[in-house]
Amino acid sequence: MRDFLENGNIRHSVNFPDVILPRGESVRLGIANRNVPNMVGQITVALAEANLNIIDLLNKSRGDYAYTLIDLESPVPAETLERIRAIEGVLSARVT
């Protein structure tokens with residue numbers, strides 16, 4: 001639980017796959033979403049339009065659900081986080 005709260009990593013979940021991305025000095029964004037086409041595309045477009053550079057990205061799915069960890073060079077503006085949360089199919093998005 002602590003690794004999830006501090007780093008966004010998921011281990012041994014019933015609904016989500018194991019998603020473990022080693023943590024660097026970057027800003028980390030964790031996104032839980034429905035496993036549907038173009039989800040990662042919509043998320044990365046929102047980040048690109050906010051001029052945020054992706055350092056690392058890991059996306060895995062299990063059945064109907066997926067989880068994405070994204071490491072960024074700079075902080076995520078509140079408006080960008082809200083835009084990602086508003087994407088149809090996004091269940092939650094948080095910066096760790």
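Reply: Accessible areas here come from the Shrake-Rupley method with a 1.4 Å probe, and for residues only the protein chains shown count as cover. On that basis the chain exposes about 5,600 Å², of which carbon and sulfur atoms supply 51%. The model is predicted, so local features need pLDDT of at least 70 and side-chain atom pairs count only at pLDDT 80 or more, while totals for chains, interfaces and linings use all residues. Residues are numbered from 1 along each chain as its sequence is written, and side-chain values use heavy atoms, with hydrogens and water left out.

The part examined here is helix α2, which spans residues 39–49.

In α2, the residues Met39, Ile43, Ala46 and Leu47 are buried (under 20% relative accessible area; exposed is over 50%, partly exposed in between, with a 1.4 Å probe and protein chains only). Viewed down the axis of α2, the buried residues fall within an arc of 95 degrees, so they line one face of the helix; the arc is that of the directions from the helix axis to the C-beta atoms. The face turned away from this buried side carries Ala48 and Glu49, both exposed. Just after α2, Asn51 takes a positive phi of about 60 degrees.

The buried residues of α2 pack against strands β1, β2 (54–62), β3 and β4 (90–95), and also against helix α3; contact means heavy atoms within 4.5 Å. Of the contacts in the chain with a separation of 6 or more, 66% are between residues 24 or more positions apart.

A salt bridge puts a side-chain nitrogen of Lys or Arg within 4 Å of a carboxyl oxygen of Asp or Glu, and the structure holds five of them. In one of them, the side chains of Asp71 and Arg28 meet at 2.7 Å, N to O. Asp71 belongs to β3 (residues 65–72) and Arg28 to β1 (residues 27–34), so this pair ties together parts 43 residues apart in sequence. Asp71 is buried at 3% relative accessibility, and Arg28 is buried at 0%.

The closest N and O atoms of Arg85 and Glu82 are 2.7 Å apart. Arg85 is partly exposed at 36% relative accessibility, as is Glu82 at 45%.

In helix α1 (residues 2–7), Glu6 and Arg2 lie four residues apart, about one turn of the helix. Their side chains form a salt bridge of 2.9 Å, N to O. Glu6 is partly exposed at 42%, and Arg2 is exposed at 62%.

Over the whole chain, buried residues make up 39% of the 96 residues. A compact globule with 96 residues would have a radius of gyration near 12 Å, and the 12 Å of the chain agrees; the radius is taken over C-alpha atoms, and the globule rule is 2.2 Å times the number of residues to the power 0.38. Along the principal axes, the C-alpha atoms fill a box of roughly 35 × 30 × 20 Å.

Methods
Helices (H or I, at least four residues) and strands (E, at least two) are DSSP runs, numbered from the N terminus.
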